[in-house]
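Dear colleague,

I am handing over the structure we spoke about, with the sequence alongside. Please open it first, and then read the notes that follow next to it.

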Amino acid sequence: MLQRIKDKTRLKTVISVIPTILFLFFLYYMMIKTYTGTVKSTVEGTEVSLKGFTTLSESFEEVLQNNFFDKNNYIDLNGLTTKILGINSLNERQLLANGHLTDFGNASDTTKYSDSVIELNEFLSDRDIDFVYLLAPSKRAFYGAEFAPGYSSTAWQNIDSMIDALDEAGVNTIDMDAWFEENGWDMDDVYFKTDHHWLPQAGLAAAGVTMELLSDEGIAEYQEDLLDPDSYTITTLEDWFLGSHGKRVGIYYAGVDDIDVYIPNFETDYAYSGLSSGTTNWKYTDSPLNLSYTENKNYYGSDPHCIYLYGDNPLQLVTNSEAVNDKRVLITGDSFRRTWEYFLTTQFTEVYSVDLRHYTDGTFAEFVEEIQPDIVIMCTNSTNSDQLYGFGVEEYMTALEATSEDDIADVISLGDVFIEAQEENSSNFIVLYADLEPNQSYTLTLDSTDYVGGEELYVQMTLQNLSTNKAIYNRYFDVNSDETQKWIFTTPDDVSGVYAIYLYAGTKGHTKGVSVEVTGIELRKGIYEE
């Protein structure tokens, strides 16, 4: 009897180590393949010399990392092995008891960032612009999140400190963590299992909470039926999405996610335009949904969350002529705003959004002054990001105070400007102003824009450094518009630079066959407020 128990114990021991043995064999095979491919790719084309050897050794490590053989399958197998061994933490990701993946976070001092929001709120209030701050909880700060023994997260304290400071300062705030708790939403209701973002249904709920606040404050009319889930055709893409957490641990450690696509059943008249990150290329379409992500499943090479509003673009605009509120809304924040903003576009005729992590054409305060929105809303899950909370209010006010009456009176007027179409040139532009002073704020205004030939949604102006032939800032003006439009910018303090303003017939790289007339162009030193 004792021998039989010993035999069973040995058998269990052997079975328990089989996954580890298989993993080690697989790892050995991939390492051989990786090193073989790395040596081949780094040696090929390298000159036989001391210089060539130095170049080879410097590039070997980088190529090794980029050419890890079958990297995604390695991640999957590593996650599977870790799961079989019952380990609840892998690659800086925690597997919670409810099957969700998250990272870790600790409490920090949010004073700097709450002060920045308070400063923005005052800046907007002085201009009769309404402001709302919506804080979305991250998983590591979500109420009731249960970490495994030995692991903890105190990031929830950041939510409390941020909301308390803003409430005390009189800022309109929305604490979605508190709302989810009050309404009985658990983590399965709010988040993707393998990602840090919230589900489209949570974004829809947050849009409803936002409109309730705006309605209660008398700021906007809330058309509730357009934010009712029953007003949408909801298509579920099953096992379609591996989130950012999941991509670090593989498809077997916590599984993969479904994702829902919400298509309105009601009348809309959408026009979407977005500036692609790091480029001057605009995307124009009649839908804020990027349905290309519904065509092919790709766990590691795709982010289906970008179905909504095409991802994190520096600048974009959604118009909806069917919306009940004829108001201009300006949104800033992080990627949590995508689904929430998508649903919010049902309520307003113009919804701009600026992602300050990618927007490089001036400060948020300048953009506010340029487009004069009726409402500004910040939607974020971050309480401590220098980029997201860098609104540039202090810099703007300093430049405004430095503007003298002489500056305002010193106007360089160009009157009407016409750019004739060129069929062979896709970057057709003229120089409007040259020899601008370094480290100087300017205000440029124009009365109207009109396309004479061709078709584009914007005309682009660029502050160009002629010394380096590089664009510093860009401003995109609506076309076929009789509304006065403004651009505020500050030239760099590099005295060796030669600065000029270019006007493109359209946007850079998209001017072929386009002719445009722009009227009433005026340039003033300093910041000019009408």
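**What was found**

Just after helix H8, Gly218 adopts a positive phi of about 70 degrees. Please keep in mind that this is a predicted model, in which local features need pLDDT of at least 70 and side-chain atom pairs count only at pLDDT 80 or more, while totals for chains, interfaces and linings use all residues. Residues are numbered from 1 along each chain as its sequence is written, and side-chain values use heavy atoms, with hydrogens and water left out.

Helix H8 itself covers residues 200–216, and its 17 residues reach 24 Å from the first C-alpha to the last, close to the 24 Å expected at 1.5 Å a residue (the expected span is 1.5 Å times one less than the number of residues). Helices (H or I, at least four residues) and strands (E, at least two) are DSSP runs, numbered from the N terminus. Of the 17 residues of H8, 13 are buried, so the helix is largely enclosed by the rest of the structure; buried means under 20% relative accessible area, exposed over 50%, and partly exposed in between, with a 1.4 Å probe and protein chains only.

Turning to the strands, an open sheet is formed by 4 strands in the order E15-E21-E18-E19, with antiparallel pairing (two strands pair if DSSP finds at least two bridges between them). Strand E15 (429–436) and strand E19 (470–478) stand at the edges with a single partner strand each, so one side of each is left without a neighbour in the sheet. Within this sheet, strand E18 (residues 458–465) is joined to strand E21 (residues 499–504) by 5 bridges, the two running antiparallel, and Thr462 stands opposite Tyr502 in E21.

Strand E16 (residues 441–446) is mostly covered, with 6 of its 6 residues buried.

The aromatic side chains come next. A search of the whole structure finds 32 aromatic pairs, where rings of Phe, Tyr and Trp (its six-membered ring) pair if their centres lie within 6.5 Å, and planes under 30 degrees apart count as stacked, over 60 as edge-to-face and the rest as tilted. One of them is the tilted pair of Phe180 and Trp185, at 5.5 Å centre to centre and 40 degrees between the planes. The rings of Tyr442 and Phe489 have centres 5.6 Å apart and planes at 25 degrees, so that pair is stacked. Because Tyr442 lies in strand E16 and Phe489 in strand E20, the pair ties together parts that are 47 residues apart in sequence. Tyr442 is buried at a relative accessible area of 4%, and Phe489 is buried at 1%.

Finally, Arg127 lies over the face of Phe123, at 3.8 Å from the ring centre, and the charged end of Arg475 sits over the ring of Phe477, 4.8 Å from its centre; a charge sits over a ring if NZ of Lys or CZ of Arg is within 6 Å of the ring centre and within 35 degrees of the ring normal.

With best wishes
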